[in-house]
Amino acid sequence: MDPDHPQLIGDCLIHIFTFLTEEDLIRVSSVCKDWHEAAETPWLWRRMCLQRWSFCNLSVLGKEQVNHSWKTYFLRRCHLETKMTKGQSGGYTCKSLRGHTGRVVGLVYVQGNSVQQPDLWNSSATVCSASTDGTVRAWNVQNGERLWCSPVQSPLTGIVSDEQREVVITADSTGLIKTWQSQTGQELASFSTASPHCTLLQYSINNDWFVTVGTSQGSVCTLVDLTLTKKSSIVVCDTFRVNILLVSPDKKWIAAGTKDNDDLSPKVLYTESLTSPSEDEDPLCQSVPVTGCQAAVFIPTQPARLAIIHQDQHPNNRALTVFDVSIKKSKYKSEIQVQQVEFFPLTLNLWRSDILLEAKDSNHIVLAAGEQLWVYSLKGILLATFKDHTLPISSISVDSFRVVTASQDLSLRVLTWRNDRDRGLTLESQYHLLGGSHTMSRAFTHVACDYSSIVASVEAPLTQLPGPTCSVPPSPAL
(Lines give C-alpha, C1' and ligand atoms only; values in the text may rest on other atoms or scores of the structure.)
Protein backbone atom coordinates (compact mmCIF):
# COMPACT_ATOMS: atom_id res chain seq x y z
CA MET A 1 0.00 0.00 0.00
CA ASP A 2 1.19 3.47 -0.86
CA PRO A 3 1.73 5.54 2.33
CA ASP A 4 1.23 8.69 0.22
CA HIS A 5 -2.44 7.72 -0.26
CA PRO A 6 -3.78 7.12 3.25
CA GLN A 7 -7.39 7.27 2.06
CA LEU A 8 -6.76 4.30 -0.22
CA ILE A 9 -5.26 2.37 2.70
CA GLY A 10 -8.30 3.19 4.85
CA ASP A 11 -10.76 2.13 2.16
CA CYS A 12 -8.95 -1.17 1.65
CA LEU A 13 -8.92 -1.87 5.39
CA ILE A 14 -12.64 -1.13 5.70
CA HIS A 15 -13.38 -3.53 2.84
CA ILE A 16 -11.23 -6.26 4.43
CA PHE A 17 -12.88 -5.69 7.80
CA THR A 18 -16.32 -6.46 6.33
CA PHE A 19 -15.32 -10.13 6.43
CA LEU A 20 -14.66 -10.08 10.19
CA THR A 21 -16.95 -10.97 13.08
CA GLU A 22 -17.65 -8.39 15.76
CA GLU A 23 -15.11 -10.06 18.09
CA ASP A 24 -12.39 -9.90 15.45
CA LEU A 25 -13.28 -6.32 14.57
CA ILE A 26 -12.78 -5.28 18.19
CA ARG A 27 -9.44 -7.10 18.31
CA VAL A 28 -7.99 -5.53 15.15
CA SER A 29 -8.97 -2.05 16.37
CA SER A 30 -6.14 -2.27 18.94
CA VAL A 31 -3.38 -3.13 16.42
CA CYS A 32 -2.48 0.44 15.40
CA LYS A 33 -3.96 3.88 14.80
CA ASP A 34 -4.91 3.24 11.14
CA TRP A 35 -6.58 -0.05 11.95
CA HIS A 36 -8.39 1.51 14.90
CA GLU A 37 -9.81 4.31 12.74
CA ALA A 38 -10.93 1.83 10.08
CA ALA A 39 -12.51 -0.52 12.63
CA GLU A 40 -14.44 2.36 14.21
CA THR A 41 -16.08 3.33 10.90
CA PRO A 42 -19.83 3.68 11.61
CA TRP A 43 -20.68 2.07 8.25
CA LEU A 44 -19.11 -1.24 9.37
CA TRP A 45 -21.16 -1.38 12.56
CA ARG A 46 -24.32 -0.24 10.78
CA ARG A 47 -23.83 -3.09 8.30
CA MET A 48 -23.48 -5.65 11.10
CA CYS A 49 -26.53 -4.27 12.93
CA LEU A 50 -28.79 -4.49 9.89
CA GLN A 51 -27.48 -7.93 8.91
CA ARG A 52 -28.37 -9.25 12.35
CA TRP A 53 -31.60 -7.44 13.19
CA SER A 54 -32.97 -5.92 9.95
CA PHE A 55 -34.28 -2.87 11.85
CA CYS A 56 -32.53 -0.88 14.60
CA ASN A 57 -33.99 1.95 16.65
CA LEU A 58 -31.03 4.31 17.13
CA SER A 59 -33.16 6.93 18.85
CA VAL A 60 -32.77 4.99 22.11
CA LEU A 61 -29.06 5.86 22.20
CA GLY A 62 -29.49 9.60 22.70
CA LYS A 63 -27.60 12.46 21.04
CA GLU A 64 -24.45 11.94 23.09
CA GLN A 65 -23.79 8.66 21.24
CA VAL A 66 -23.92 10.06 17.69
CA ASN A 67 -20.25 9.42 16.76
CA HIS A 68 -20.25 5.72 17.53
CA SER A 69 -23.97 5.02 17.78
CA TRP A 70 -23.99 1.95 15.55
CA LYS A 71 -21.17 0.28 17.50
CA THR A 72 -22.75 1.22 20.82
CA TYR A 73 -26.11 -0.14 19.70
CA PHE A 74 -24.58 -3.39 18.44
CA LEU A 75 -22.55 -4.11 21.55
CA ARG A 76 -25.34 -3.19 23.95
CA ARG A 77 -27.96 -5.31 22.19
CA CYS A 78 -25.56 -8.26 21.82
CA HIS A 79 -24.78 -8.04 25.53
CA LEU A 80 -28.46 -8.12 26.53
CA GLU A 81 -29.35 -10.92 24.14
CA THR A 82 -26.38 -13.00 25.28
CA LYS A 83 -27.62 -12.71 28.86
CA MET A 84 -31.16 -13.63 27.83
CA THR A 85 -29.86 -16.55 25.76
CA LYS A 86 -27.73 -18.03 28.55
CA GLY A 87 -30.19 -17.39 31.38
CA GLN A 88 -27.45 -17.46 33.98
CA SER A 89 -28.14 -17.06 37.67
CA GLY A 90 -28.65 -13.41 38.52
CA GLY A 91 -29.70 -12.50 34.99
CA TYR A 92 -33.40 -12.73 35.87
CA THR A 93 -35.51 -11.19 38.59
CA CYS A 94 -38.76 -12.95 39.45
CA LYS A 95 -41.76 -11.03 40.76
CA SER A 96 -45.05 -12.57 41.93
CA LEU A 97 -48.08 -10.46 41.00
CA ARG A 98 -50.62 -11.60 43.55
CA GLY A 99 -54.22 -10.47 43.91
CA HIS A 100 -56.60 -12.46 41.71
CA THR A 101 -58.90 -14.86 43.58
CA GLY A 102 -60.00 -16.68 40.41
CA ARG A 103 -58.32 -18.34 37.47
CA VAL A 104 -56.39 -16.02 35.14
CA VAL A 105 -57.99 -16.33 31.67
CA GLY A 106 -55.57 -14.07 29.79
CA LEU A 107 -52.81 -11.50 30.06
CA VAL A 108 -51.65 -8.80 27.65
CA TYR A 109 -48.99 -6.12 27.46
CA VAL A 110 -50.39 -2.59 27.47
CA GLN A 111 -46.97 -0.94 27.62
CA GLY A 112 -44.04 -3.05 26.55
CA ASN A 113 -40.58 -3.03 25.01
CA SER A 114 -41.09 -3.88 21.36
CA VAL A 115 -39.02 -6.75 19.95
CA GLN A 116 -38.92 -4.95 16.59
CA GLN A 117 -37.76 -1.62 18.08
CA PRO A 118 -36.35 -2.39 21.54
CA ASP A 119 -35.28 0.26 24.01
CA LEU A 120 -31.93 -1.06 25.23
CA TRP A 121 -31.78 1.01 28.42
CA ASN A 122 -35.40 1.32 29.55
CA SER A 123 -37.15 -1.99 30.16
CA SER A 124 -40.32 -0.76 31.87
CA ALA A 125 -43.48 -2.69 31.05
CA THR A 126 -47.13 -2.86 32.13
CA VAL A 127 -49.37 -5.90 31.74
CA CYS A 128 -53.09 -6.42 32.32
CA SER A 129 -54.61 -9.70 33.47
CA ALA A 130 -58.24 -10.85 33.38
CA SER A 131 -59.69 -13.42 35.76
CA THR A 132 -62.75 -15.47 36.57
CA ASP A 133 -62.93 -13.38 39.74
CA GLY A 134 -64.49 -10.71 37.50
CA THR A 135 -61.65 -8.18 37.65
CA VAL A 136 -59.06 -6.70 35.32
CA ARG A 137 -55.79 -5.78 37.01
CA ALA A 138 -52.82 -3.78 35.71
CA TRP A 139 -49.31 -4.52 36.95
CA ASN A 140 -45.90 -2.91 36.81
CA VAL A 141 -43.70 -5.80 35.67
CA GLN A 142 -40.40 -4.47 37.02
CA ASN A 143 -41.42 -3.84 40.62
CA GLY A 144 -44.37 -6.24 40.84
CA GLU A 145 -46.84 -3.56 41.94
CA ARG A 146 -50.54 -3.50 41.10
CA LEU A 147 -51.43 -0.25 39.35
CA TRP A 148 -55.23 -0.55 39.31
CA CYS A 149 -58.08 -3.02 39.62
CA SER A 150 -61.48 -2.81 37.92
CA PRO A 151 -64.78 -3.20 39.77
CA VAL A 152 -66.01 -6.78 40.09
CA GLN A 153 -68.31 -8.02 37.32
CA SER A 154 -69.30 -11.42 35.92
CA PRO A 155 -66.41 -13.87 35.43
CA LEU A 156 -64.15 -12.69 32.60
CA THR A 157 -63.48 -14.99 29.65
CA GLY A 158 -61.01 -13.05 27.48
CA ILE A 159 -58.79 -10.00 27.11
CA VAL A 160 -56.94 -8.22 24.28
CA SER A 161 -55.20 -4.83 24.09
CA ASP A 162 -54.23 -2.00 21.80
CA GLU A 163 -50.93 -0.56 23.02
CA GLN A 164 -51.04 2.46 20.69
CA ARG A 165 -54.45 3.63 21.91
CA GLU A 166 -53.70 2.46 25.48
CA VAL A 167 -56.93 0.45 25.58
CA VAL A 168 -57.83 -2.95 27.03
CA ILE A 169 -60.85 -4.90 25.77
CA THR A 170 -62.49 -7.65 27.85
CA ALA A 171 -65.37 -10.10 27.54
CA ASP A 172 -67.26 -11.73 30.41
CA SER A 173 -69.45 -14.83 30.78
CA THR A 174 -72.64 -12.88 29.97
CA GLY A 175 -71.20 -11.67 26.66
CA LEU A 176 -70.57 -8.11 27.86
CA ILE A 177 -67.70 -6.48 25.96
CA LYS A 178 -65.95 -3.58 27.73
CA THR A 179 -63.14 -1.18 26.90
CA TRP A 180 -60.82 0.19 29.60
CA GLN A 181 -58.21 2.93 29.64
CA SER A 182 -55.06 0.92 30.31
CA GLN A 183 -53.21 3.58 32.32
CA THR A 184 -56.02 4.45 34.73
CA GLY A 185 -58.50 1.57 34.61
CA GLN A 186 -61.36 3.88 33.63
CA GLU A 187 -64.22 2.08 31.86
CA LEU A 188 -64.81 3.67 28.45
CA ALA A 189 -67.74 1.77 26.90
CA SER A 190 -69.63 -1.53 26.85
CA PHE A 191 -71.62 -3.64 24.40
CA SER A 192 -73.68 -6.78 25.06
CA THR A 193 -73.47 -9.78 22.72
CA ALA A 194 -75.49 -12.11 25.01
CA SER A 195 -72.89 -14.81 24.31
CA PRO A 196 -71.37 -16.83 27.20
CA HIS A 197 -68.13 -17.23 25.28
CA CYS A 198 -66.57 -14.52 23.10
CA THR A 199 -63.38 -14.50 21.06
CA LEU A 200 -61.91 -10.99 20.71
CA LEU A 201 -59.92 -9.46 17.86
CA GLN A 202 -58.77 -5.83 17.80
CA TYR A 203 -57.27 -4.10 14.74
CA SER A 204 -56.97 -0.68 13.15
CA ILE A 205 -57.31 0.27 9.50
CA ASN A 206 -55.73 3.64 8.75
CA ASN A 207 -57.03 5.72 11.67
CA ASP A 208 -60.20 3.70 12.23
CA TRP A 209 -60.44 1.39 15.26
CA PHE A 210 -62.37 -1.90 15.32
CA VAL A 211 -63.14 -4.89 17.52
CA THR A 212 -64.49 -8.06 15.93
CA VAL A 213 -66.16 -10.54 18.27
CA GLY A 214 -66.75 -14.26 17.65
CA THR A 215 -69.74 -15.57 19.61
CA SER A 216 -70.96 -18.90 20.96
CA GLN A 217 -73.80 -18.85 18.43
CA GLY A 218 -71.32 -18.90 15.53
CA SER A 219 -71.60 -15.28 14.45
CA VAL A 220 -68.97 -12.60 13.92
CA CYS A 221 -69.93 -9.12 15.12
CA THR A 222 -67.85 -6.03 14.28
CA LEU A 223 -67.81 -2.96 16.55
CA VAL A 224 -66.31 0.42 15.65
CA ASP A 225 -64.55 3.06 17.76
CA LEU A 226 -63.95 3.05 21.49
CA THR A 227 -67.70 3.57 21.92
CA LEU A 228 -68.23 -0.01 20.64
CA THR A 229 -70.88 0.86 18.09
CA LYS A 230 -72.16 -2.18 16.20
CA LYS A 231 -71.28 -2.08 12.51
CA SER A 232 -72.11 -5.53 11.12
CA SER A 233 -72.84 -9.17 11.96
CA ILE A 234 -72.58 -12.41 9.98
CA VAL A 235 -73.01 -16.11 10.85
CA VAL A 236 -69.92 -18.18 9.95
CA CYS A 237 -70.49 -21.49 11.82
CA ASP A 238 -74.12 -21.81 12.91
CA THR A 239 -74.63 -23.00 16.54
CA PHE A 240 -70.89 -23.63 17.08
CA ARG A 241 -68.75 -21.10 18.88
CA VAL A 242 -66.20 -19.07 16.93
CA ASN A 243 -62.87 -19.80 18.63
CA ILE A 244 -60.57 -19.06 15.69
CA LEU A 245 -60.45 -15.36 14.83
CA LEU A 246 -57.46 -13.76 13.07
CA VAL A 247 -56.71 -10.66 11.01
CA SER A 248 -54.25 -10.64 8.12
CA PRO A 249 -51.14 -8.41 8.18
CA ASP A 250 -52.58 -6.19 5.44
CA LYS A 251 -55.82 -5.89 7.50
CA LYS A 252 -57.93 -6.83 4.46
CA TRP A 253 -59.01 -10.25 5.71
CA ILE A 254 -60.40 -11.93 8.78
CA ALA A 255 -60.25 -15.70 9.22
CA ALA A 256 -63.01 -17.13 11.41
CA GLY A 257 -63.92 -20.69 12.31
CA THR A 258 -64.52 -23.29 14.99
CA LYS A 259 -62.45 -26.13 16.42
CA ASP A 260 -65.60 -27.81 17.78
CA ASN A 261 -66.95 -29.42 14.59
CA ASP A 262 -64.90 -31.59 12.23
CA ASP A 263 -67.32 -31.14 9.32
CA LEU A 264 -67.23 -27.35 9.12
CA SER A 265 -64.81 -25.23 7.10
CA PRO A 266 -63.24 -21.99 8.30
CA LYS A 267 -64.21 -18.80 6.50
CA VAL A 268 -62.35 -15.73 5.27
CA LEU A 269 -64.18 -12.41 5.36
CA TYR A 270 -63.35 -9.19 3.56
CA THR A 271 -62.85 -6.62 6.32
CA GLU A 272 -64.13 -3.72 4.22
CA SER A 273 -67.51 -5.47 3.98
CA LEU A 274 -67.54 -5.81 7.79
CA THR A 275 -66.36 -2.32 8.68
CA SER A 276 -68.23 -0.49 5.89
CA PRO A 277 -71.19 -2.77 5.16
CA SER A 278 -73.60 -2.24 2.31
CA GLU A 279 -77.28 -1.95 3.23
CA ASP A 280 -78.45 -4.35 0.52
CA GLU A 281 -75.58 -6.88 0.57
CA ASP A 282 -74.24 -9.32 3.14
CA PRO A 283 -70.56 -9.11 4.15
CA LEU A 284 -68.26 -10.78 1.63
CA CYS A 285 -67.38 -14.29 2.86
CA GLN A 286 -65.74 -17.40 1.40
CA SER A 287 -65.18 -20.92 2.79
CA VAL A 288 -61.64 -22.27 2.91
CA PRO A 289 -61.58 -25.75 1.23
CA VAL A 290 -60.60 -27.78 4.34
CA THR A 291 -62.60 -29.22 7.25
CA GLY A 292 -61.82 -29.97 10.87
CA CYS A 293 -59.72 -26.86 11.47
CA GLN A 294 -57.66 -27.19 14.65
CA ALA A 295 -55.31 -24.19 14.43
CA ALA A 296 -54.59 -21.32 12.07
CA VAL A 297 -52.19 -18.39 11.68
CA PHE A 298 -51.52 -15.64 9.16
CA ILE A 299 -47.88 -15.52 8.04
CA PRO A 300 -46.63 -12.18 9.46
CA THR A 301 -44.32 -11.21 6.58
CA GLN A 302 -46.93 -11.81 3.86
CA PRO A 303 -49.98 -9.60 3.21
CA ALA A 304 -52.60 -12.39 3.30
CA ARG A 305 -51.09 -15.88 3.52
CA LEU A 306 -53.02 -18.22 5.83
CA ALA A 307 -51.71 -21.50 7.29
CA ILE A 308 -54.28 -23.98 8.65
CA ILE A 309 -53.86 -27.28 10.51
CA HIS A 310 -56.83 -29.52 9.74
CA GLN A 311 -57.98 -33.12 9.43
CA ASP A 312 -56.59 -35.09 6.50
CA GLN A 313 -58.86 -37.92 5.32
CA HIS A 314 -58.75 -39.99 8.54
CA PRO A 315 -59.87 -38.17 11.74
CA ASN A 316 -56.54 -38.92 13.45
CA ASN A 317 -54.44 -37.62 10.54
CA ARG A 318 -53.53 -33.97 10.35
CA ALA A 319 -52.16 -31.80 7.59
CA LEU A 320 -51.06 -28.21 7.15
CA THR A 321 -52.26 -26.27 4.12
CA VAL A 322 -51.22 -22.76 3.17
CA PHE A 323 -53.52 -20.45 1.21
CA ASP A 324 -53.14 -17.03 -0.39
CA VAL A 325 -56.25 -14.89 -0.06
CA SER A 326 -57.12 -12.19 -2.60
CA ILE A 327 -60.10 -10.46 -4.12
CA LYS A 328 -61.15 -10.28 -7.75
CA LYS A 329 -63.26 -7.25 -8.57
CA SER A 330 -65.31 -6.80 -11.71
CA LYS A 331 -67.78 -4.16 -12.76
CA TYR A 332 -70.73 -5.92 -11.17
CA LYS A 333 -69.35 -8.03 -8.32
CA SER A 334 -66.40 -8.83 -6.08
CA GLU A 335 -65.24 -12.40 -5.49
CA ILE A 336 -62.88 -13.77 -2.82
CA GLN A 337 -60.23 -16.13 -4.13
CA VAL A 338 -58.56 -18.67 -1.83
CA GLN A 339 -55.65 -20.34 -3.60
CA GLN A 340 -53.68 -23.24 -2.16
CA VAL A 341 -49.91 -22.69 -2.31
CA GLU A 342 -48.56 -25.44 0.00
CA PHE A 343 -49.74 -28.71 1.54
CA PHE A 344 -48.02 -31.32 3.67
CA PRO A 345 -49.11 -34.02 6.16
CA LEU A 346 -48.11 -33.74 9.81
CA THR A 347 -46.81 -36.76 11.70
CA LEU A 348 -47.72 -35.64 15.20
CA ASN A 349 -48.82 -39.07 16.47
CA LEU A 350 -51.30 -37.53 18.88
CA TRP A 351 -54.82 -38.43 19.84
CA ARG A 352 -57.20 -35.48 20.02
CA SER A 353 -55.00 -32.74 21.49
CA ASP A 354 -54.98 -28.96 21.44
CA ILE A 355 -52.54 -27.68 18.85
CA LEU A 356 -50.84 -24.29 19.21
CA LEU A 357 -49.62 -22.68 15.98
CA GLU A 358 -47.49 -19.55 15.46
CA ALA A 359 -45.42 -18.18 12.56
CA LYS A 360 -41.99 -16.62 12.91
CA ASP A 361 -41.59 -15.35 9.33
CA SER A 362 -42.37 -16.32 5.74
CA ASN A 363 -40.59 -19.68 6.04
CA HIS A 364 -40.73 -20.81 9.69
CA ILE A 365 -43.78 -21.99 11.61
CA VAL A 366 -43.81 -23.25 15.18
CA LEU A 367 -46.41 -25.66 16.50
CA ALA A 368 -46.88 -27.32 19.87
CA ALA A 369 -49.03 -30.25 20.94
CA GLY A 370 -48.75 -32.40 24.03
CA GLU A 371 -45.24 -32.11 25.46
CA GLN A 372 -43.56 -31.47 22.10
CA LEU A 373 -42.59 -28.48 19.98
CA TRP A 374 -41.89 -28.62 16.23
CA VAL A 375 -40.41 -26.16 13.75
CA TYR A 376 -41.37 -26.60 10.11
CA SER A 377 -40.53 -24.73 6.96
CA LEU A 378 -43.51 -23.60 4.91
CA LYS A 379 -42.51 -26.27 2.36
CA GLY A 380 -43.14 -28.98 4.97
CA ILE A 381 -39.54 -29.70 5.96
CA LEU A 382 -39.22 -30.62 9.65
CA LEU A 383 -36.40 -28.36 10.85
CA ALA A 384 -36.37 -29.15 14.56
CA THR A 385 -38.28 -30.95 17.28
CA PHE A 386 -38.05 -30.49 21.05
CA LYS A 387 -39.39 -32.36 24.06
CA ASP A 388 -38.27 -30.25 26.99
CA HIS A 389 -41.44 -30.67 29.09
CA THR A 390 -42.85 -33.62 31.01
CA LEU A 391 -46.49 -32.45 30.76
CA PRO A 392 -48.44 -30.79 27.91
CA ILE A 393 -47.55 -27.32 26.67
CA SER A 394 -50.39 -24.92 27.46
CA SER A 395 -49.19 -21.71 25.75
CA ILE A 396 -46.41 -20.45 23.47
CA SER A 397 -44.98 -17.04 22.60
CA VAL A 398 -43.01 -16.59 19.36
CA ASP A 399 -41.11 -13.50 18.19
CA SER A 400 -38.03 -12.71 16.11
CA PHE A 401 -35.64 -13.36 19.03
CA ARG A 402 -37.02 -16.31 20.98
CA VAL A 403 -39.75 -18.87 21.60
CA VAL A 404 -41.09 -19.39 25.11
CA THR A 405 -43.25 -22.39 26.00
CA ALA A 406 -45.40 -22.63 29.14
CA SER A 407 -46.29 -26.07 30.41
CA GLN A 408 -48.52 -27.86 32.87
CA ASP A 409 -45.29 -29.18 34.46
CA LEU A 410 -44.95 -25.68 36.00
CA SER A 411 -41.99 -24.61 33.92
CA LEU A 412 -41.20 -22.21 31.09
CA ARG A 413 -38.72 -23.22 28.40
CA VAL A 414 -36.77 -20.51 26.58
CA LEU A 415 -35.51 -21.21 23.06
CA THR A 416 -33.69 -18.67 20.89
CA TRP A 417 -33.33 -18.18 17.15
CA ARG A 418 -29.82 -18.26 15.70
CA ASN A 419 -28.52 -17.53 12.21
CA ASP A 420 -26.08 -20.32 11.37
CA ARG A 421 -23.78 -19.75 8.39
CA ASP A 422 -24.20 -23.33 7.20
CA ARG A 423 -27.73 -24.28 8.29
CA GLY A 424 -29.43 -20.89 8.09
CA LEU A 425 -31.96 -19.94 10.77
CA THR A 426 -32.15 -22.46 13.61
CA LEU A 427 -33.98 -22.66 16.93
CA GLU A 428 -31.91 -23.70 19.96
CA SER A 429 -33.29 -24.83 23.30
CA GLN A 430 -31.61 -22.90 26.13
CA TYR A 431 -32.96 -23.21 29.69
CA HIS A 432 -35.93 -23.66 32.03
CA LEU A 433 -37.54 -21.03 34.23
CA LEU A 434 -39.34 -22.79 37.08
CA GLY A 435 -42.67 -21.67 38.51
CA GLY A 436 -42.19 -22.85 42.09
CA SER A 437 -43.63 -25.70 44.14
CA HIS A 438 -46.45 -27.95 42.91
CA THR A 439 -47.94 -27.72 46.41
CA MET A 440 -48.65 -24.01 45.80
CA SER A 441 -49.22 -23.97 42.03
CA ARG A 442 -50.49 -26.55 39.57
CA ALA A 443 -49.53 -25.43 36.06
CA PHE A 444 -48.60 -22.53 33.81
CA THR A 445 -51.62 -21.51 31.73
CA HIS A 446 -50.58 -18.46 29.67
CA VAL A 447 -47.33 -16.78 28.63
CA ALA A 448 -46.55 -13.47 26.91
CA CYS A 449 -43.28 -11.67 26.18
CA ASP A 450 -41.85 -8.36 25.15
CA TYR A 451 -38.14 -7.76 24.41
CA SER A 452 -37.04 -7.52 28.04
CA SER A 453 -39.56 -9.55 30.05
CA ILE A 454 -41.56 -12.76 30.19
CA VAL A 455 -44.93 -12.82 31.97
CA ALA A 456 -46.81 -16.03 32.73
CA SER A 457 -49.84 -17.04 34.79
CA VAL A 458 -50.07 -20.06 37.07
CA GLU A 459 -53.06 -22.06 38.24
CA ALA A 460 -53.35 -23.18 41.84
CA PRO A 461 -54.37 -26.62 43.15
CA LEU A 462 -58.03 -26.99 44.07
CA THR A 463 -57.17 -26.60 47.75
CA GLN A 464 -55.41 -23.27 47.20
CA LEU A 465 -56.38 -19.86 45.92
CA PRO A 466 -55.39 -19.38 42.26
CA GLY A 467 -51.73 -18.60 41.94
CA PRO A 468 -50.02 -15.37 41.01
CA THR A 469 -49.16 -13.97 37.68
CA CYS A 470 -45.39 -14.39 37.60
CA SER A 471 -43.21 -11.93 35.71
CA VAL A 472 -39.65 -12.82 34.85
CA PRO A 473 -37.81 -9.83 33.34
CA PRO A 474 -34.10 -10.09 32.50
CA SER A 475 -32.02 -7.70 34.55
CA PRO A 476 -30.90 -4.70 32.49
CA ALA A 477 -27.73 -4.29 34.53
CA LEU A 478 -24.40 -4.74 32.73
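The legends below describe close-up views of a predicted model.

**View 1. Strand 7 and its burial.** Strand 7 spans residues 167-172, and six of its six residues are buried. In a regular strand the side chains alternate between the two faces of the sheet. Val-167, Ile-169 and Ala-171 point one way from strand 7, while Val-168, Thr-170 and Asp-172 point the other way. Residues of both sets are buried.

**View 2. The hairpin of strands 6 and 7.** Strand 6 (residues 156-162) runs antiparallel to strand 7, and six bridges join the two. Within this pairing, Ser-161 stands opposite Val-168 of strand 7. Four residues lie between the strands of the hairpin. Glu-166, in the turn, has a positive phi of about 55°.

View 3. Strand 8 covers residues 176-181 and is antiparallel to strand 7, with five bridges joining them. Ala-171 stands opposite Ile-177 in strand 8.

**View 4. Salt bridge between Glu-187 and Lys-178.** The structure holds seven salt bridges, and the one shown here joins Glu-187 to Lys-178. Their closest N and O atoms are 3.4 Å apart. Glu-187 counts as partly exposed because its relative accessibility is 38%. Lys-178 counts as buried, since its relative accessibility is 12%.

**View 5. Salt bridge between Glu-342 and Lys-379.** The side chains of these two residues meet in a salt bridge with an N to O distance of 2.9 Å. Glu-342 belongs to strand 21 (residues 334-346) and Lys-379 to the loop between strand 24 (372-377) and strand 25 (382-386), so the pair ties together parts that are 37 residues apart in sequence. Lys-379 is exposed, at a relative accessible area of 59%.

**View 6. Lys-360, Asp-361 and Trp-417.** Lys-360 and Asp-361 form a salt bridge, the closest N and O atoms being 3.6 Å apart. Both residues are buried. Trp-417, in strand 28 (residues 411-420), has its C-alpha atom 9.8 Å from that of Lys-360. Along the chain, Trp-417 and Lys-360 are 57 residues apart. Trp-417 is also buried, with a relative accessibility of 9%.

**View 7. A negative surface patch.** Glu-279, Asp-280, Glu-281 and Asp-282 form a negative surface patch. Asp-280 is in the loop between helix 6 (271-275) and strand 17 (285-287). This residue counts as exposed because its relative accessibility is 68%, over the 50% cut-off.

View 8. Most residues other than glycine have a negative phi. Asp-225 has a positive phi, near 65°. Asp-225 lies in the loop between strand 12 (219-224) and strand 13 (229-235) and is partly exposed, with a relative accessibility of 38%. Phi of Lys-251 is likewise positive, near 65°. Lys-251 is placed in the loop between strand 14 (244-247) and strand 15 (253-257). At a relative accessible area of 27%, Lys-251 is partly exposed.

Technical notes. Residues are numbered from 1 along each chain as its sequence is written. This is a predicted model: local features need pLDDT of at least 70, side-chain atom pairs count only at pLDDT 80 or more; totals for chains, interfaces and linings use all residues. Side-chain values use heavy atoms; hydrogens and water are left out. Patches are made of residues with over 30% relative accessible area and no salt bridge: like charges are joined within 9 Å, nonpolar side chains (Val, Leu, Ile, Met, Phe, Trp, Tyr) within 5 Å. Accessible areas come from the Shrake-Rupley method with a 1.4 Å probe; for residues, only the protein chains shown count as cover. A salt bridge is a side-chain nitrogen of Lys or Arg within 4 Å of a carboxyl oxygen of Asp or Glu. Lys and Arg count as positive and Asp and Glu as negative; His and the chain ends are not counted. The place of a charge is taken as NZ of Lys, CZ of Arg, CG of Asp or CD of Glu. Buried means under 20% relative accessible area, exposed over 50%, partly exposed in between (1.4 Å probe, protein chains only). Two strands pair if DSSP finds at least two bridges between them.
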